[in-house]
Amino acid sequence: MTTTPELSTRPIPDEIARQVVLPEGHRHDGPLFEAYRWLRENNPLGQVKVEGYDPVWLVTKHADIMEIERQPHVFTSGGGDEPGSHNPILQNQAGDAFTKQLTGGSLRILDTLTYLDPPEHTEIKDIANDWFRPANLKKWEDRIRALAKEAIAKYLRSGANDIDFVQEFALYYPLHVIMSLFGVPEEDEPRMMTLTQEFFGTADPDAQREDVEPLTPEAAAQQWSAAIQDFYAYFDKLVEDRRANPRDDLATIIARAKDGNGEYYRKEFAYGWFIAIATAGHDTTSSTIAGTIEALAQFPDQLAQVQANPALIPDLVNEGLRWVSPVKQFTRQATQDYVLRGQQIRTGDRFMLLYQSANRDADVFDEPDTFRLDRKPNKHIAFGYGPHMCIGQHLAKLELRIMFEELLPLINSVQVTGERKSVVTNFVGGLKKLPVRLELK
């Protein structure tokens with residue numbers, strides 16, 4: 001337990017709290033990362049109260065996030081002994097109230113790993129844990145490489161490519177990979193793309209559904225719920241098909257998983273797995289591809305270095321993950337009194353784990369605001385830490401490595417040519433617009 005107190009902390013200004021807590025504060029990376037910096041330097045673990053939200057501790061330091069994440073019995077994700085009593089996704093109070101109304105009082109709107117705590121978390125994770133291990137993923141490497149080459153040939157051409165790198169390239173390759181390995185027909189991928197953007201774009205006016213009234217406190221929860229129900233309707237057919245007609249794919253492993261009594265798990269657990277794979281399984285990877293290309297445009301010496309020595313591509317992947325940190329935050333709740341960074345924590349207190357901030361922590365990373373391939377060790381926590389560490393991390397790294405192995409040798413130059421835009425959410429992050437001129441051989 002951390003017991004060393006900070007010598008002094010400054011009160012957190014309301015504008016800093018709002019910048020970090022409110023989704024619209026994540027519209028522009030510059031002010032957001034300045035807010036993170038201010039917090040790390042002045043009040044790295046401070047509690048704030050933003051109107052419409054529960055009080056929450058902002059956790060900005062790498063060591064504190066690791067201390068919380070390694071103790072799920074102390075800092076619960078889904079409610080511990082009271083499953084569904086805590087929401088690991090930060091919503092406003094109106095959104096949480098709407099969720100409880102839908103579920104009959106629970107905040108567990110999905111039976112997926114994010115909402116579970118050990119031992120249930122461990123049991124459900126074990127359903128597909130072996131499939132995501134590097135030894136199993138190796139057999140898919142040739143297939144993934146073929147998909148990377150296909151994406152480059154389909155969306156890019158020799159010479160100048162003046163494109164929105166996110167919308168016209170980066171989004172499609174990871175989706176096609178995960179859907180192919182998953183077993184979803186290619187003709188259904190546009191539907192998966194639409195639902196994913198709705199699922200993650202709950203606070204973004206550009207991603208709002210027509211059947212949800214915008215700009216209301218409940219709108220984000222309504223859109224979230226509507227997207228989930230649409231996913232359920234699609235994936236119910238997939239579960240039924242794989243139980244009746246098993247194949248060599250990930251969907252079959254999940255759909256046919258059985259509990260300790262030899263019975264199929266409730267369909268809701270399969271839905272939860274499928275939604276996690278269909279959303280986080282590609283969106284975070286596409287964000288990292290785009291963010292890394294943007295970084296290489298900003299740091300052309302690093303582009304030249306990795307092109308001269310392709311053996312550095314795994315280092316590029318790790319630095320890209322640190323730089324982008326596509327998962328911005330999850331929340332946890334204390335199940336007991338605790339002392340963290342000299343602060344007295346009370347049972348029931350909530351914590352916003354700010355992974356992007358932790359990955360710019362100068363106590364862990366030299367020159368954290370510089371993109372560097374030679375960063376070793378690179379102790380980023382872009383995939384989280386502890387039991388909730390992302391199960392798909394090895395697949396994501398494999399996809400990223402293969403894409404950069406195929407794309408980088410073709411690049412003569414890359415430059416950002418217009419205004420870039422970030423995704424407006426405080427849950428997952430990345431770019432939704434990146435105009436570039438990509439000059440290919």
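A residue counts as buried when its relative accessible area is under 20%. Keep that cut-off in mind; the model on screen is a predicted one.

**Stop 1: helix 15**

Select residues 313-324, which form helix 15. The helix has 12 residues and reaches 16 Å from its first C-alpha to its last, close to the 16 Å expected. Now colour the buried positions: Ile 313, Asp 315, Leu 316, Val 317, Glu 319, Gly 320, Leu 321, Arg 322, Trp 323 and Val 324.

What do the buried residues of helix 15 pack against? Show helix 13 (267-298), helix 14 (300-308), helix 16 (355-358) and helix 17 (393-407). Then step past the end of helix 15 to Ser 325, which follows with a positive phi, near 45°.

**Stop 2: the nonpolar cores**

Move on to the largest nonpolar core, with 118 residues. Select Phe 165, Phe 182, Met 192, Phe 235, Ile 254, Trp 273 and Phe 274: these have the most contacts inside this core. Helix 13 supplies the largest share of the core, 14 residues.

Zoom in on Phe 165. Leaving aside residues up to four places away in sequence, Phe 165 touches Ala 170, Ile 289, Ala 290, Ile 293, Leu 407, Leu 434, Val 436 and Leu 438.

**Stop 3: the rings**

The structure holds 21 aromatic pairs. Start with Phe 75 and Tyr 338. Their ring centres are 5.1 Å apart and their planes meet at 80°, so this pair is edge-to-face. The pair links distant parts of the chain: Phe 75 is in strand 3 and Tyr 338 in strand 6, 263 residues apart. Both Phe 75 and Tyr 338 are buried.

Next, pick Tyr 265 and Phe 269. With centres 6.0 Å apart and planes at 75°, these rings are also edge-to-face. Are the two residues buried or exposed? Tyr 265 is buried, at 13% relative accessible area. Phe 269 is buried too, at 7%.

Now select Phe 182, Phe 231, Tyr 234, Phe 235 and Phe 274. Ring pairs link these residues into a cluster.

**Stop 4: charges over a ring**

Finish at Tyr 264. Which residues lie over the face of its ring? Arg 243 does, at 4.2 Å from the ring centre. Lys 258 also lies over the face of Tyr 264, at 5.2 Å from the ring centre.

Terms used
Residues are numbered from 1 along each chain as its sequence is written. This is a predicted model: local features need pLDDT of at least 70, side-chain atom pairs count only at pLDDT 80 or more; totals for chains, interfaces and linings use all residues. Side-chain values use heavy atoms; hydrogens and water are left out. Rings of Phe, Tyr and Trp (its six-membered ring) pair if their centres lie within 6.5 Å; planes under 30 degrees apart count as stacked, over 60 as edge-to-face and the rest as tilted. Helices (H or I, at least four residues) and strands (E, at least two) are DSSP runs, numbered from the N terminus. Buried means under 20% relative accessible area, exposed over 50%, partly exposed in between (1.4 Å probe, protein chains only). A charge sits over a ring if NZ of Lys or CZ of Arg is within 6 Å of the ring centre and within 35 degrees of the ring normal. The expected span of a helix is 1.5 Å times one less than its number of residues. Contact means heavy atoms within 4.5 Å. A nonpolar core is a set of buried Ala, Val, Leu, Ile, Met, Phe, Trp, Tyr and Cys residues joined through side-chain atoms within 4.5 Å.
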